[in-house]
Protein chains: 2
Amino acid sequence: MDIVTPFQFSLVYNAFSFTFAAMAAATAFLWLSRSQVAPAYRTAVTISGLVTAIAAYHYFRIFESWNAAYVLKGGVITATGFAFNDAYRYVDWLLTVPLLLIELVLVMRLSPEQTSSKTVRLGFAAALMIVLGYPGEIAIDIPTRALWGTLSSIPFVYIVWELFRGLGESIEQQPAAARDLVRRARLLTFASWGFYPIVYMAPYAGLTGANVTTVIQLGYTIADIVAKAGVGVLIFMISSRKSQAEGHVAGVHAA
Amino acid sequence: MDIVTPFQFSLVYNAFSFTFAAMAAATAFLWLSRSQVAPAYRTAVTISGLVTAIAAYHYFRIFESWNAAYVLKGGVITATGFAFNDAYRYVDWLLTVPLLLIELVLVMRLSPEQTSSKTVRLGFAAALMIVLGYPGEIAIDIPTRALWGTLSSIPFVYIVWELFRGLGESIEQQPAAARDLVRRARLLTFASWGFYPIVYMAPYAGLTGANVTTVIQLGYTIADIVAKAGVGVLIFMISSRKSQAEGHVAGVHAA
């Protein structure tokens, strides 16, 4: 395994710790606030918290794994021989990416038929995208990485099409107060998800060794914070606006 | 103990971590969502969450045990001599399998007499099935494994009969909105439970050593996710549909 510099080691170490704290805090916020939105939106807010909770668990584990792979002592880095388990990211995404799409569909409150058909299709495409990406992530040569990356982008393009085309009409039917926020949640999902393939392609740009390890770890970490904690908070705000627009008064038990 | 390859070690390691996260997330979802269903269905949802919580605990333990049995350092696997404690699975099943049948009976909301007679009979058969399976699981030779496996399949057949014959009429009395979901929960229970004996029989197929260890661990893990988290989410969906069909408005304290 490539030896990172003491600076790179500390940067990634602190980024993982930061992200654990951010994800755990987002989870507490979402679960504590779910009772403030109308019952129809509670599942969306619950699931947003599940996504950040699952991510918090994996950032805790990935932090431990990073710490087991290197020792920084007396200003000198040594590799311990224990592998850094990058697979935690893919395991995390396999669970959280379908859930992220489900929270986005649920907050729109479509008909039960549309909700279940869209969640099934989007969830399946998301899982396929992750599974196809992994062989490329662990590949040593760039052509293999590019092959799997390209295959993985097919379901990604389908998801983007579904979000912008398929959900487009539904956005027009959202209450005026929430419409812009729903558009922003969709855009933030698209922008943060579009950041992952850019990070994935870092080795194509000629980066190697410890530099590519550092760029990939920091890049995925930033994308995860935006896509999970950022989108989660937007889902709560949309739920809250829509609850008000539909006459729900937080904390009052009546319809 | 047979030495797994580094790939097999990582595959099982990540599968255990994934399953811990999935079970813990399912528990959080079920327990947070129980207030959204009518009081009559809350016990079914609570118990569904108990099942995934117990499984999360055991996957945490089994992950630790797997990690204690092998060391992967510098790309090389060494057995530490500490045994991998497979008994966690049977201890888990002894608790969760009767509870799984109870959640399925409770969500159907039969008469109190039917509910208690069915839960006692199904719970007892489920415990017997697990207890009879264990001596075969730890047996070294195939005839002993086959003997206990066959004995264990007697209560299994009884459970299947009870689910399809005995609960058949009760399904017809479910509200139309929930009937298909109840059928699907029963089918998912049957299909996932039918997967365990197939995994159990892996050594009959001539698989040996580290290969059989890997296949058994992954097979049981997949079956557990479907049978516990998958069925649990279905139980919540059934509870939610039936609550609506019976005029319950989520979040409103009346009825």
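The model is predicted. Chain B and chain A bury about 2,000 Å² between them. A search over all chains finds 20 salt bridges, yet across the interface of chain B and chain A the rule finds zero.

**The interface of chain B and chain A**

- On one side stand 25 residues of chain B, in contact with 23 residues of chain A.
- Carbon and sulfur atoms account for 66% of the roughly 2,000 Å² buried between the two chains.
- Three residues stand out: Phe18(B), Leu32(B) and Gln36(B) supply 25% of the area that chain B buries against chain A.
- Seven residue pairs are in polar contact between chain B and chain A, counting pairs with both residues at pLDDT 80 or more.

**The side of chain B that touches chain A**

- Three elements of chain B give two or more residues to this side: α1 (6-33), α2 (39-69) and β1 (70-73).
- Helix α1(B) gives the largest share, twelve residues.
- By type, this side divides into 15 nonpolar, eight polar and two charged residues.

**The second largest pocket**

- Its volume is about 590 Å³.
- The lining of the second largest pocket consists of 20 residues.
- Nearest the centre of this pocket lie Asp2(B), Glu137(B), Val212(B), Thr213(B) and Ile216(B).
- Two helices of chain B, α5 (142-166) and α8 (209-245), each supply at least two residues of the lining.
- The largest share of the lining comes from α8(B), with five residues.
- By type, the lining of the second largest pocket divides into twelve nonpolar, four polar and four charged residues.

**Salt bridges**

- The whole structure holds 20 salt bridges over all chains.
- One of them joins Lys228(A) and Asp92(A), with the closest N and O atoms 2.5 Å apart.
- Lys228(A) lies in helix α8 (residues 209-245) of chain A and Asp92(A) in helix α3 (residues 87-108) of chain A, so this pair ties together parts that are 136 residues apart in sequence.

Conventions
Residues numbered from 1 in each chain as written. Chains lettered and ligands numbered in written order. Predicted model: local features only at pLDDT ≥ 70, side-chain atom pairs only at ≥ 80, totals over all residues. Heavy atoms only, no water. Contact = heavy atoms within 4.5 Å. Buried area = accessible area lost by both parts, 1.4 Å probe. Salt bridge = Lys/Arg side-chain N within 4 Å of Asp/Glu carboxyl O. Polar contact = N/O pair within 3.5 Å; in protein donor to acceptor, adjacent residues only side chain to side chain. Helix = DSSP H or I, 4+ residues; strand = E, 2+ residues; numbered from the N terminus. Nonpolar A, V, L, I, M, F, W, Y, C, P; charged D, E, K, R; others polar. 1 Å grid on protein atoms, 1.4 Å probe; cavity = no way out; pocket = protein on both sides within 12 Å on 5 of 7 lines; lining within 4 Å. Points joined across faces, edges and corners; volume = space filled by probe spheres on them.
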